[in-house]
Amino acid sequence: MVISQAFAVPRSDFPPSVKEFFPPALVDGAYPWLTKFTLLAWLAVGVIIVFYLVAYRDPKIVPGKAQWIAESLYGFTRENIAKEMIGHEGVKFAPYFTTLFSFLLLTNLFGIIPFIQISPNSHIAFPVMLAVISYVMFNYLGIRRYGFVKYMKNSLIPPAPWFILPLLIPIEFFSTFIVRPVTLSLRLFANMFAGHMILLVFTLGGFALLGADAWFLKPVSVVSWLMAVALTFLEALVIVLQSYVFVVLTSSYISGALAEEH
Amino acid sequence: MLLAEVNGSLSAIGYGLAAIGPGIGVGIIFAAYIQSTARQPESGRITLPYVWIGFAVVEALALLGIAFGFVFK
């Protein structure tokens with residue numbers, strides 16, 4: 001079975017390296033286009049579409065389980081992210097935020113679901129695309145509302161004495177148009193990458209200790225595996241937090257672009 | 001005579017040093033949030049999004065450290 005091989009835990013040397021993030025193609029010769037990562041990304045898209053369609057196919061006043069989950073997710077992003085960060089206007093962005101949040105949550109969760117255990121977001125390409133969408137979105141919204149010149153003026157010229165402006169304008173430009181998309185994508189990527197790496201260190205470290213020559217190191221492998229279990233719970237926290245942070249930052253950038261004054 | 005040998009990457013030590021600053025920063029952010037909520041419990045919900053934004057911005061530095069540890073090999 002090709003698939004079971006690709007999904008099996010990779011047997012590798014103890015200090016895990018970046019190689020772990022490049023599993024072989026699921027079908028021979030389909031290397032960049034059909035790997036575990038692309039399959040998981042499409043799976044996440046499919047699961048989310050089907051889930052929301054099924055949950056809302058027959059909405060009831062007293063919601064069932066699926067409808068309750070869908071409504072909680074939507075209600076959370078709408079009330080606690082969109083409305084709180086952007087204000088009343090934010091409601092129209094709630095559908096996008098919900099989609100983004102669901103996609104991030106599911107793709108990140110793949111990192112700790114048994115037998116999948118890697119998140120597509122631990123490849124920089126996926127977070128970069130999501131960050132590019134947010135970047136284009138907040139710039140487009142700002143330019144559409146104020147026009148290019150006024151938008152640039154709003155976002156680059158803070159209310160400050162004129163003599164400090166030559167210093168502030170480059171800093172503002174750097175932080176708004178360069179650092180924002182880079183950190184937005186890099187944060188998610190690095191969290192998923194580091195999370196997977198930490199779990200690998202403790203899981204493979206357990207095997208390395210078990211296979212050690214010194215007999216007194218063998219029982220220590222249990223400690224290493226217990227650490228891996230504990231860190232999986234930490235990883236669950238990080239997953240939810242990073243999905244939330246990504247959406248909150250996107251909404252905060254949009255609210256900054258739409259705000260009247262700096 | 002070779003008594004001890006260390007091998008591996010120096011970037012692990014570099015990352016440890018780089019994580020000190022963000023560690024202190026994240027600590028300060030949550031300390032400030034706890035203190036402000038203890039002083040004025042009603043403000044807890046209002047300041048929470050800013051806690052996460054501040055946390056994310058400060059934590060980005062530590063994560064840049066992880067990424068660049070692999071870049072500048």
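**Notes on a two-chain helical model**

1. Gln117(A) counts as partly exposed, with 17 C-beta neighbours inside 10 Å. The cut-offs: 20 or more other C-beta atoms within 10 Å of a residue's own make it buried, 12 or fewer make it exposed, and anything in between is partly exposed, with the C-beta atoms placed from the backbone. Gln117(A) sits in the loop between helix 4 and helix 5 of chain A, and its phi is near 50°, a positive value in a residue other than glycine.

2. Before going on, some housekeeping. This is a predicted model, where local features need pLDDT of at least 70 and side-chain atom pairs count only at pLDDT 80 or more, while totals for chains, interfaces and linings use all residues. Residues are numbered from 1 along each chain as its sequence is written, and chains are lettered from A and ligands numbered from 1 in the order in which they are written.

3. Phe115(A) belongs to that loop too, between helix 4 (94-109) and helix 5 of chain A. Its phi is near 75°, again positive in a residue other than glycine. Most residues other than glycine have a negative phi.

4. Now for chain A as a whole. Chain A has 8 helices and 0 strands; both kinds of element are DSSP runs numbered from the N terminus, with helices (H or I) of at least four residues and strands (E) of at least two. The C-alpha atoms of chain A fill a box of roughly 70 × 55 × 40 Å along the principal axes. Of its 262 residues, 31% count as buried. Among chain A contacts between residues at least 6 apart in sequence, 62% join residues at least 24 apart; a contact means that the two C-beta atoms, placed from the backbone, lie within 7 Å.

5. Thr98(A), in helix 4 of chain A, counts as buried because it has 22 C-beta neighbours inside 10 Å. Which residues does Thr98(A) touch, not counting those up to four places away in sequence? They are Leu73(A), Tyr74(A) and Thr77(A). Leu73(A) is 25 residues from Thr98(A) along the chain, yet their C-alpha atoms are separated by 6.8 Å.

6. Helix 5 (residues 125-146) and helix 6 (residues 148-156) of chain A pack at about 120°, with axes 7 Å apart. Those axes are lines fitted to C-alpha atoms over the stretch in contact, and the angles run from 0 to 180 degrees between N-to-C directions. Helix 5 of chain A contributes Gly142(A), Ile143(A) and Tyr146(A), while helix 6 of chain A brings Phe148(A), Lys150(A), Tyr151(A), Asn154(A) and Ser155(A).

7. Chain B comes to 3 helices and 0 strands. The C-alpha box is roughly 65 × 25 × 10 Å along the principal axes. Buried residues make up 8% of the 73 in chain B.

8. Last, the contact between the chains. It takes 10 residues from chain B and 14 residues from chain A. The chain B side divides into 10 nonpolar, no polar and no charged. Here Ala, Val, Leu, Ile, Met, Phe, Trp, Tyr, Cys and Pro count as nonpolar, Asp, Glu, Lys and Arg as charged, and the others, Gly among them, as polar.
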